[in-house]
Structure formats: C-alpha cells, structure tokens
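Please open the model in your viewer and keep the sequence panel beside it. The stops below are arranged as a series of selections, each followed by what is to be found there.

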Amino acid sequence: MRTGTIPRVLGTAAALAALLTTALAAPAVAERSTTPDRAPVKAAAPASFTHPGVLVSRPQLDFVRGRVQAGAQPWKSAYDQMMGSKYASLTRTAKPRAVVECGSYSNPNNGCTDEREDAIAAYTLSLAWYITQDSRYAQKAIQIMDAWSAVIKDHTNSNAPLQTGWAGSSWPRAAEIIKHTYSSWPGSGRFGTMLRNVYLPEVTNGSHSNGNWELSMTEAAIGIAVFLEDRAAYDKAVGKFRGRVPAYIYVTADGSLPKVAPGSGLDTRAKVINYWQGQSTFMDGLSQETCRDLTHTGYGLSAISHIAETSRIQGQDLYPEIADRLRHAMGLHAKHQLGTPVPSSLCGGSLKDNLGPVTEVGFNALANRLGYAMTNTQTLTERQRPAGSNNLFVAWETLTHANNPA
C-alpha cells in the first residue's frame, strides 16, 4: 500500500484577506496566511437523511440503469468494464480478519488489500444488482459485508487511519444501495455496528499527515454518518472538510501562503513550505501534494469530490463552497498531465505520475451542473473513459457520474 500521507473563502473574509495582503509587510502576511480557517458552527446534517445517499442517489442510479439498458455510451462500455472485472464475480470469497494490520507502503500487508478489495467488490456488486435487478448480485454483496461485520475488530500499524478511510469509504456506498433498494438484509444492523465501532472512531478525528489522509478519512466518516443517520458525526465530518479543503488547495485569494488546517501546528512560513513539499511559489489550483506526485493529489481531489457529492444528495450542497478551489486544481493538474510543459516555478519543472481515474465526479458537478468551463479537465476525463478502479477507494465513476444530471 502506498502511504498518503472549507467554506469557500469569499465575501467579507476574502475582502479582509485582500486588504491585509495589500497593506501589510511580507512577514505579517506570512503570519496571517498560516492562520487556520474557522469552520462555521451551523449544523450541516439534514433533518432527514436521503437513502441511498452516499456518492450515488436513487435518481442517479435510475439514470445509469436507463442509459445502460439503452446501450448508450459511455455508460454501456463502462458497465461492461465493471461487469468484466474481478469485483463483479459471483464466485468471490470474502477474506475477513479480526485485525487488519497495514504498515507504510504495504509492509506489513495483513488483510489490507483483501479488505479494500472486498469493500470495492461489495460496492461493485451493489451497482450490478441495481442495474440488472438480478438478486444474485445483491446476495453476493450481502455475503461479503456480512462476512466482514462478523469478524473485524480493529485496524493497526502506521497506515491504520488511511486504510480505514479507504475501506470505510467503499463500505457505506454498498450498504446504502443494498439496504435501501433490496428486499431484505437481516445483517444490516450488525454491519452498522461494525461501521460505528470499528471504522468511525479511527477516522472521525482526522489526521495532520499529508492532506489526502484526512480527506479520505472524512469521506469515510460522512458516508458512515449517512448510513447510521448520525447527525453529530455528519456535522463533525463537514467541519473537518471545511477546515481541510482550503488547506489542501491553494487559490490566490489566500494570500502569500496557503491556509492551514485547524490544529496543524503550521505556524511559520518555513513549516508551511516544508509541508507543501518544499514548494514556495503558489498558484491557483496547486495542491499540498502536487510536488509529491499526481497520484496522491488525485486521492485528495477524489475524496473532496466524493464528500461534496454526498452532501449534495443529502440536501446541503458543499460544491459552491469549494468550487473555485476544486475547478482550478482539476484544471491545473489535467493540463500538465495532458502534456503542457511544467514551468520551473512548479515543482522544479517536473511532475510525477498521474491523477488516476478520479475526475468524473468533480467534472460532472462543476462543468455540467454548475456551468464552469473546464476544457483541460474535460479532455482528460473523456480521454480516460471508461474510468475503472484505483483498487483503493475509487471505482466505476464513468458509469455512475458521466454526464449524470440527477
């Protein structure tokens, strides 16, 4: 395993930031820029939760099912890709264990790959169930989820928070579809107990490691909160999101330095630059992990999109709060992945790896729903179709979100 490691600042706050940036000397600006955003205190959780409501909603699923049945592209090819994958197999045998031990870079890897891939399989099978209405897929998803909920007790070693975030992001997607669209799941209560007792405590307090850690953990937390209908857990996850996104994606309105997450301890210019992989020139859309590599950046951008998508389904749309940051980030990284030369001011003129199959959800929300022009992101997204799985926590997003108006 590779280690991975927010309201939008507009209005009065942005105006004040601009005035301070102009009026104060450089040292004062640096100090101001390392002051964390304060998350709004208003409640975010809906009075009544929408189900299924983690990453995909019933209207979205109905749209996908109709497009696949009509043989329309790109959904049909994306569906065929999913159904041809190992995750859709009806002969899959789950491999649960009581303690999943995950060290840095998969050393040790005691159940880490098995857990992540069983969770993706449960989600894959739940999508297959909904699209085909073949109960065999629902029953196999249930079998996998029941196997894990009967056994797992803990995650250990250095990558435990990230592992829990990754698997904990996929499990609620599957559970939501099965519980709320299939006829019977006697073990759903035990599965919920697993999420509450094993997963939520590991992810709810976030992380001050590289930003993709806390974002993935927050994605898991908000999905679990929806499944459990836990308003307090939901509000806490949204608060983490609102503190972390401005600390993960820079925009010029932030001033001379990026913002920092609450409690990070990044209280000097030197600490901030070190945390941003040594990058001291900041531009719209730069992420805290850009100069590390695009793959980890993709993890962070994907989790941001997933959290915002879930919030939109639940009736409180977080996309407008983070739209400028997310669209600039997707555009900047897409542009260079497509071949635009990297200037020397950006990571010394060289970027590593690629974003992975992570742009469909954010692109659909920002370009198709909100109307932002995103030429580079569109080109990359369409070039990568059908988007598959990163085998961690991303799966089949061309199928679920390409041009999905629901």
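A disulfide is here a pair of cysteine sulfur atoms within 2.5 Å. This is a predicted model, in which local features need pLDDT of at least 70 and side-chain atom pairs count only at pLDDT 80 or more, whereas totals for chains, interfaces and linings use all residues. Residues are numbered from 1 along each chain as its sequence is written, and side-chain values use heavy atoms, with hydrogens and water left out.

**The disulfides**

Begin by selecting the cysteines: a search of the whole structure finds 2 disulfides, and with bonded cysteines counted along the chain their pattern is 1-2, 3-4.

Select cysteine 102 and cysteine 112, whose sulfur atoms are 2.1 Å apart in a disulfide. The torsion about their S-S bond is about -125°, so this disulfide is left-handed. Because cysteine 102 lies in strand S3 and cysteine 112 in helix H5, the pair ties together parts that are 10 residues apart in sequence. Helices (H or I, at least four residues) and strands (E, at least two) are DSSP runs, numbered from the N terminus. Both cysteine 102 and cysteine 112 are buried, where buried means under 20% relative accessible area, exposed over 50%, and partly exposed in between, with a 1.4 Å probe and protein chains only.

Next, select cysteine 291 and cysteine 347, which form a disulfide with sulfur atoms 2.0 Å apart. This pair links distant parts of the chain, 56 residues apart, with cysteine 291 in the loop between H11 and H12 and cysteine 347 in the loop between H13 and helix H14 (360–369). The link of cysteine 291 and cysteine 347 is left-handed, with -80° about the S-S bond. Cysteine 291 counts as partly exposed because its relative accessibility is 22%, while cysteine 347, with a relative accessible area of 16%, is buried.

**The sheet around S3**

An open sheet of 3 strands runs in the order S4-S3-S5, with mixed pairing; its edge strands, S4 (109–110) and S5 (154–156), each pair on one side only. Two strands pair if DSSP finds at least two bridges between them. Strand S3 (residues 99–102) pairs with S4 in the antiparallel sense over 2 bridges, and with S5 in the parallel sense over 3 bridges.

In the hairpin of S3 and S4, with 6 residues between the strands, select tyrosine 105, which takes a positive phi near 50°.

In a regular strand the side chains alternate between the two faces of the sheet. S3 has a covered face with Val100 and Cys102 and an uncovered one with Val99 and Glu101. Now show helix H7 (residues 160–181), which lies across S3 and S5 and runs at about 135° to S5; such angles run from 0 to 180 degrees between N-to-C directions, the axes being lines fitted to C-alpha atoms, for helices over the stretch in contact.

**Tyrosine 123**

Select tyrosine 123, found in helix H5 (residues 112–132), which counts as buried because its relative accessibility is 1%. Leaving aside neighbours within four places in sequence, tyrosine 123 is in contact (heavy atoms within 4.5 Å) with Leu55, Val56, Ser170, Arg173, Ala174, Ile177, Ala395 and Thr400.

**Helix H10**

Which helices pack against the buried residues of H10? They are helix H8 (188–203), helix H9 (211–228), helix H11 (269–275), helix H12 (294–313) and helix H13 (319–337). Among the buried residues of H10 are Ala233, Tyr234, Phe241 and Tyr248.

**Serine 287**

Finish at serine 287, in the loop between H11 and H12, which is buried, with a relative accessible area of 2%. Not counting residues up to four places away in sequence, serine 287 touches Tyr248, Ile249, Trp276, Thr297 and His333.
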